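Student: Please take me through this structure. I shall ask as we go.

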There are 2 protein chains.
Amino acid sequence: VTAPAPGSGTGATAEASTHRYSVGELRDFAARVFRSAGLPEGHADTAAEVLTAADLRGIDTHGVARLHQYYEMLVQGRVNPRADVRILRETPSTARMDGDNGLGLVVGPAANELAIEKAAAAGSGWVSVGNSNHFGIAGIYSLRALERDCIGWVMTSSPPQVAPFQGVGRMLGTNPIAIAFPGRAEPPMVMDFTTSAISFGRLEDAIRTGGALPEGTAIDREGRMTTDPHAVKDGGALVPLGSDAARGAHKGYCLAAMVDVLSCVLSGANWGPFAPPFPADLPDSGRRVGKGLGHLFGVLPIASFREPDEFKEAMDHWMREFRGAPAAPGTGGPEIPGHREHHSSVRRRREGIPLSGTVVEGLRHLGVRAGVLFD
Amino acid sequence: VTAPAPGSGTGATAEASTHRYSVGELRDFAARVFRSAGLPEGHADTAAEVLTAADLRGIDTHGVARLHQYYEMLVQGRVNPRADVRILRETPSTARMDGDNGLGLVVGPAANELAIEKAAAAGSGWVSVGNSNHFGIAGIYSLRALERDCIGWVMTSSPPQVAPFQGVGRMLGTNPIAIAFPGRAEPPMVMDFTTSAISFGRLEDAIRTGGALPEGTAIDREGRMTTDPHAVKDGGALVPLGSDAARGAHKGYCLAAMVDVLSCVLSGANWGPFAPPFPADLPDSGRRVGKGLGHLFGVLPIASFREPDEFKEAMDHWMREFRGAPAAPGTGGPEIPGHREHHSSVRRRREGIPLSGTVVEGLRHLGVRAGVLFD
């Protein structure tokens, strides 16, 4: 088993492919696809920016390879292309928003931006937003906050795939948490991880490749541990981070529940088992207790606590100390969360983003449907 | 292996003992011991209140059984009994504080109270505090916020016991996170858990009882997985929540690092491997990069986001839905984090707090040293 990059939900890359595109080309194509599905130009640009940030960072599962899934939700009328994201309630440092059933790639940036504005005015900013949809990679929102010398904190609910500790069945999303801290000379430290033992993408990979899941990461429909991905699809579930009682799975359950309540109960979105499916071909119970999916954005300006330069120097020291620690046998030693993705981003801006033949074919097919040339 | 209560770092209780004391008796004794070590009356009362809240909730490892450890730190002059907790920097919704090397049981409540006040004024409140010491159970601070209809969020660093993912050696604390959400008819949901696979208390238990650790929870001094608690004590370390690469230990590493940065780098406390030891008999490298230990307190009033009654009703629904989920084989089914501790608290207020003969003996011995009668 290959260790995933710390700070990344997935480790899949397509560097071996011979097709390379500049981020500008991919962003432009994605924006045109979003416009063809009815998004206003500004929203289409924002959504394309968030989407292709995943490609830059090497999180290929969450980039343009997924564009057709967002497109499908839009053309099926399940997502509102002309969303009017509104504030329902606010204080100097907080807001609750309604995403008007818009693309998460549009609602997320709007809520994050409001949290950043609140933070500039009141010293910190917290925005809980419901009636949203899948918002891409969580880490990108944290990085936006970081551009303003803020610590950016993001959580989101997702469709149910995870069993509660000591329970059977899919009741919680893989509910990721992201947070980013700036360095001075060092790249930022960016954590971005699901609160289940493995991500949903890892399960999909196993089904696609015919491989087994790692021990202790999933259960079947009866609640027995299984490594068979088909048993998971067939009424089983992923398990919370920690895997089992002895290793602390009640903690992963606590984390997933925390994300669920802060993202959904606080915003009035569908919590736990009631979260709507994404992509469109996932099963849908049709049962709802609120509106759409929910996210939480938190922004803490560093200057609210100490001099940003001092903080960044201390972060450099932190990162060097941990990177310099002795390596566990058979590993390359401790990594700093987010640095692998940072280096991918630098390299891909320069050399272009590699896409597999399958992904290119998919984008061409999507281009034909949307009336936008991809070549 | 017995499953620990969700939301609790430890599951140890002493219900079988025949010695029972009212919480008032224990609180009064603890307050007098703190006063005898030089604390002003108000601080002594606060510290005793936080300490005995752990006994009420059934977290016996963190209650009066530990009083002698705090006392030792005070009489050795390692903790300042007359701490003047100060604000170093503030905004309408945030503050950074200096704990003046006071007892964490005094510094923690002061910082938490300031976060609650900020939240009342600005819609949310965040306080990072350094130059502090061990502050007891994290969950109790979240419960204080909850009394004002706020979601209370708490993190703290702790002495290094945990290896970074892919690393060897003790570089991070078990760094707990706590958060609490109120119900309407249901007891509050209170998460309170360490970000390592097992708690430090679990390691101490294994050493005391001669038992083995669960598989996948610790490494020896060479970084090899071990179940021998003595190999852990002898230069080994606990591992982050997730246990290994396949099960997501990089995520537990991210969580522990997040707590470390928010509690210590933000407040100017000693981060990671530089955190000072507690109790006094733990080894101390003597290397420092800041002042004392650090904590972070976050307070989000529910009314900043939605009507508290609406939120609490939704929480009741959430808790009933999860408690009603089918049970995994061999378990009693999903529990709601913090409910076990809530029921302990109700029962122990009524029936008294059971203490083992060993703990009673220890308190009598402490009483003799402090000049305070315990009977």
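Student: Is A:Asp309 buried, exposed or partly exposed?
Tutor: A:Asp309 is partly exposed, at a relative accessible area of 41%. The classes are buried under 20%, exposed over 50% and partly exposed in between, with a 1.4 Å probe and protein chains only. This is a predicted model, in which local features need pLDDT of at least 70 and side-chain atom pairs count only at pLDDT 80 or more, while totals for chains, interfaces and linings use all residues. Residues are numbered from 1 along each chain as its sequence is written, chains are lettered from A and ligands numbered from 1 in the order in which they are written, and side-chain values use heavy atoms, without hydrogens and water.

Student: Which residue forms a salt bridge with A:Asp309?
Tutor: A:Arg184 does, with the closest N and O atoms 4.0 Å apart. The rule asks for a side-chain nitrogen of Lys or Arg within 4 Å of a carboxyl oxygen of Asp or Glu. The pair links distant parts of the chain, 125 residues apart: A:Arg184 lies in the loop between β6 (177–181) and β7 (189–193) of chain A, and A:Asp309 in helix α9 of chain A. Helices (H or I, at least four residues) and strands (E, at least two) are DSSP runs, numbered from the N terminus. A:Arg184 is partly exposed too, at 45%.

Student: What about A:Lys312, which residue does it meet in a salt bridge?
Tutor: Its partner is A:Asp149, at 2.7 Å from N to O. Here 163 residues separate the two, with A:Asp149 in the loop between α5 (139–147) and β5 (150–156) of chain A and A:Lys312 in helix α9 (residues 308–323). A:Lys312 is buried at 13%, whereas A:Asp149 is partly exposed at 27%.

Student: How many salt bridges does the structure hold over all chains?
Tutor: There are 49. Of these, 4 cross the interface of chain B and chain A. One salt bridge joins A:Arg287 to B:Glu321, with the closest N and O atoms 3.5 Å apart.

Student: Changing topic: how many residues does the contact take from each chain?
Tutor: Chain B gives 98 residues and chain A gives 98, contact meaning heavy atoms within 4.5 Å. The buried area is about 8,000 Å², with 70% of it from carbon and sulfur atoms. Buried area is the accessible area (1.4 Å probe) that the two parts lose on being put together, summed over both.

Student: Which residues of chain B lose the most area to chain A?
Tutor: They are B:Gln166, B:Arg247 and B:Phe305, together 11% of what that side buries.

Student: Now B:Pro182, is it buried or exposed?
Tutor: B:Pro182 is buried, with a relative accessible area of 4%. It sits in the loop between β6 (177–181) and β7 (189–193) of chain B. Leaving out residues up to four places away in sequence, B:Pro182 touches several residues, including B:Leu146, B:Ile302 and B:Phe311.
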